[in-house]
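Here's a quick briefing for anyone opening this structure for the first time.

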Amino acid sequence: MALEFRVLGTLEVTSDGGRLSLPSTRHQRVVAALLLAPNSVVPLSKLVEAVWSDEPPATAVKQVQNCVSVLRERLGGQVILTDGPGYRIAVGEDQLDLLRFHRGLSDARRLAAEGRLADAVREARAGLGLWRGSVLDGLCISVLTNRVTLLNEQRLGAIEQCVDWQLELGEHRDVAAELMELVAEHPLREKLHAQLMLALNRGGRQADALKVFHDLRTRLVDELGIDPGSEVLQLHERILAGEPQVPRTVPRPPAAEAGAGTEAPVAGLRDDRLDLAVRELASAISRQWTVEVEMRSLHRPEPVPLRWSSTGRQVAAVASAVLGDGPDGARPDRLSLSGGLGDVVGQFRQLPTRQLVVLGEPGAGKSVLAILLTLGLLAEPLPAEPIPVLLPLASWNPHREHLHRWLARRLVEEYPALANRSAYGRDAATRLVLEGRVVPVLDGLDETPPALHAAAIDALDQAVAGGRPLVVTCRSTEYELAVNQAGSMLARAAVVEIEPVEVDDAIAFLTARRRLGETRWQPVVDHLRRNPAGVLAQALRTPLMVDLARTAYAHPCSNPADLCDTTRFPDRGTIEGHLLDAYLPAVYRQTPAPPAQGDRPTAARSYDPDQAERWLTFLAQHTHRLPAGDLAWWQLDKAVPRLVSSVYLGLPAAVLFAVAGWLAGGPVIGMIYGLSFAAAGCVSHAFGRRSGPLRVEFRIRGTTMRFLRRCAVGVVIAVSLGLGWSLSVGVVILLAVVFGLAVGAHVWVGTPVDARLVSSPASVLRNDRVAAMSFALSLLVSLGLFYGMAFAFTRETRFIGVLNGRFDLALVLAGGLASALLGRFLMRNMGSVAYGLAGAVVGGLVFPRATNPTTAIAVGIVFGLAVGLTVCLARAWGAAVLNRVWLASRGHTPLRLMRFLDDAHRRGVLRQVGAVYQFRHLRLEERLTVRASQDHERSPRRRAGVREGAGPSVRTPDRVPDVAATEQRRNMSVTRRS
């Protein structure tokens, strides 16, 4: 019988033209879940969720299996197939309206790209005619909500794109009526309004077009508190100027077709600013990862030969789901991909959906492949091809953040200029993601917490279900475990696995840089050829270990033949441990690191290998405790006990407040000032939330209106304070000028404007230092001046005096409110409460005003310095300075930590990922962490005696000696003593 399925509206199944009824709602839910992932495996667990949205019964799996049995009787035995961890419904394009819709839309886009707009409109309208309502109308399945929403959004996107073409064909009167209905159904959808404005204006109805704009603007302001986007505003201006005709829309690239649910540019409104963002972002990414390739010495002369092929693990979708049907309608039954580093770009582009998962064991070269894939796609871009963006995945929590939102946030963090509205438009990063202008290359799924692996895979599959391109890397075992446990997988992605390094390739890499006549590596070569399955050959099966071997024995005085000693190295683990242990002594040999781009000439930096290893061991333990594993300078406070850091961050400003109070009112007042702000500072730093670093640059041009608005806020604050402390009109005017300038000047520290500038740890540090100093200086001047003026010129008006006139409850309110606002700015809610209480206490104190100007000036200066220091230490940069000093005093890190981290990056120990560092080799981080923990458990007393205060994580007496130095000391053992 000829079956047909319809999901674009109510769920319908027909057989030979007659409607086929399904036994119950439960059976309908199973069919619906399968049809929304046609020809793809739907895990049994997801079918259970589809049938029971709340708590499934204990027999849920059995009941679903029974449903499938009944459906097979109704539909035929070859429609619903058992496949791996779930079921797959086998349907052709002509059997499912959803597939026919996608085919028609794809054909329409192809015709539009060829310039055949009339034919494109006809194809698109035929596909849209298949819709009878919302997807699965009347059947509410919570687990399918995201998929249903996406498909409904694709319909709207297809309508909008078809209207674009019709507008370009001059059919503005034909589409106006349809657009009016759609605008009524979607009153906040800006693109539909823009299209309606364009159609009405071109039809000679300018007044109606302007009314559409004003209705939209009123609705957005009333309901969301925002103005229309830049595209709508530009169109409005063109209509007012009588210039609605602008260049035609450039057709969307085929790679972005899968994102049909996203908003494409309105006809005649292609945002050139977003195109500029794409070009400059591509330039920034290319420079960023080219530098990283140079740092990793991947071209000295070539990286370790790396081969990959389709995985044999049961973690991939069937070939037909990945490749689609062939030209003759036949479905491929096998997916066979293979190649080397030079083939990955071509093979990736040949995948219909451009979705790829790269698996490999630790150190197999997954990150290197991701970097080279990114650079390869950028080196020879295809027309209108999305640009690859390589990001580590460790910081993503799929339970808390949608992938697209996380991607947009990370784009702004890595390339902060994308947040600049004037340069690239509103929400440029979000639009880049939603419009399919970027290809996420996500490195290290295994670096997310193990409990999130299955959820992450499922969330990734949902986010790219429409066919968006994606690349993910993960350790093989972790990925297989997550897929097998939960049944989730990327339903349309090709899964490849990096193969072990061949013996000949390892030999070629190890000997590639030997000098003429050098024979140090010959014993290793001979041993590997005689024992291709031996312990050493097994250890050198990953690019990481091959690279570590060449690095550890790079010095001419070292002897690689040690690796052939089966007595010292009886198994693979001991060889790998030896190479990991020998790596740091080798790279910290007394040779200068290479310069970084833009470096000023300085003396060569060198570090004692023992000391460098101790510092890196502490940092490895620190990053190992963090969820994302990032080495960020603003997170150093997590390496210090909270009580300790709160004391040294909260007390310095309190001392200055105490001095100001002493000078103003005597020792008792000084003690009250000091204790109040000491308690506020310590509590805020212990329990408050400090803001992260700001990515800013100093800019005055184009800030006039924002400066005036901020200036007005400062004037209001000054007048309120002046009236509260009964200051004269002249003094209030002076304060208003100073406060207005101080608050208004903040707008000059704005978002960067050049997307070609990539965040780096040093640049973010400089940016936040500028922000911290500017905020501190403005508040130092304004509040210091106010306090001095109040102390000198107050009329000593008393409002609600208590305690024999020594305390005024009205001033309590004024001082508490002002301090609470400052605390909120510094440390969020906890800062608002703590500093609000402190301000209430000191603000209500009543004492005589200054007897001479000198005292008032001195008090104002000291109070201003106290406020400035409070602000500075509440910023990421200020806190990091004291954190760094504390850690250096304990011997955990060097005092000039950023210089040390930059040097470690140049030596290849760390890698730079935007504003943070990470250990280049996760195996090295794990080795340092585990070894330090073992040392701590084994000999705490000896460790404490060797280096007082160094902490439990540092090892000193039995570190691995330099391999070269070992040879120079007559072959002393280079192994780490246990």
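At what angle do helix 20 and helix 21 pack, and how far apart are their axes? The angle is about 175 degrees, and the axes sit 10 Å apart. Keep in mind that this is a predicted model.

**Helix 20 and helix 21**

- Helix 20 covers residues 503–510, while helix 21 covers residues 522–530.
- On the helix 20 side, the contact is made by Val503, Asp504, Ile507 and Leu510.
- Their partners in helix 21 are Val524, Val525, Leu528 and Arg529.
- Sort the residues of this contact by type and you get six nonpolar, two charged and no polar ones.

**A nonpolar patch on the surface**

- Head to the surface and you'll find a nonpolar patch formed by Val683, Phe687, Met830, Val833 and Leu837.
- Together, these patch residues have about 460 Å² of accessible area.
- Helix 31 gives the largest share, with three residues.
- Phe687, one of the patch residues, belongs to helix 27.

Note on methods
Residues are numbered from 1 along each chain as its sequence is written. This is a predicted model: local features need pLDDT of at least 70, side-chain atom pairs count only at pLDDT 80 or more; totals for chains, interfaces and linings use all residues. Side-chain values use heavy atoms; hydrogens and water are left out. Axes are lines fitted to C-alpha atoms, for helices over the stretch in contact, and angles run from 0 to 180 degrees between N-to-C directions. Helices (H or I, at least four residues) and strands (E, at least two) are DSSP runs, numbered from the N terminus. Contact means heavy atoms within 4.5 Å. Ala, Val, Leu, Ile, Met, Phe, Trp, Tyr, Cys and Pro count as nonpolar, Asp, Glu, Lys and Arg as charged, and the others, Gly among them, as polar. Patches are made of residues with over 30% relative accessible area and no salt bridge: like charges are joined within 9 Å, nonpolar side chains (Val, Leu, Ile, Met, Phe, Trp, Tyr) within 5 Å. Accessible areas come from the Shrake-Rupley method with a 1.4 Å probe; for residues, only the protein chains shown count as cover. A salt bridge is a side-chain nitrogen of Lys or Arg within 4 Å of a carboxyl oxygen of Asp or Glu.
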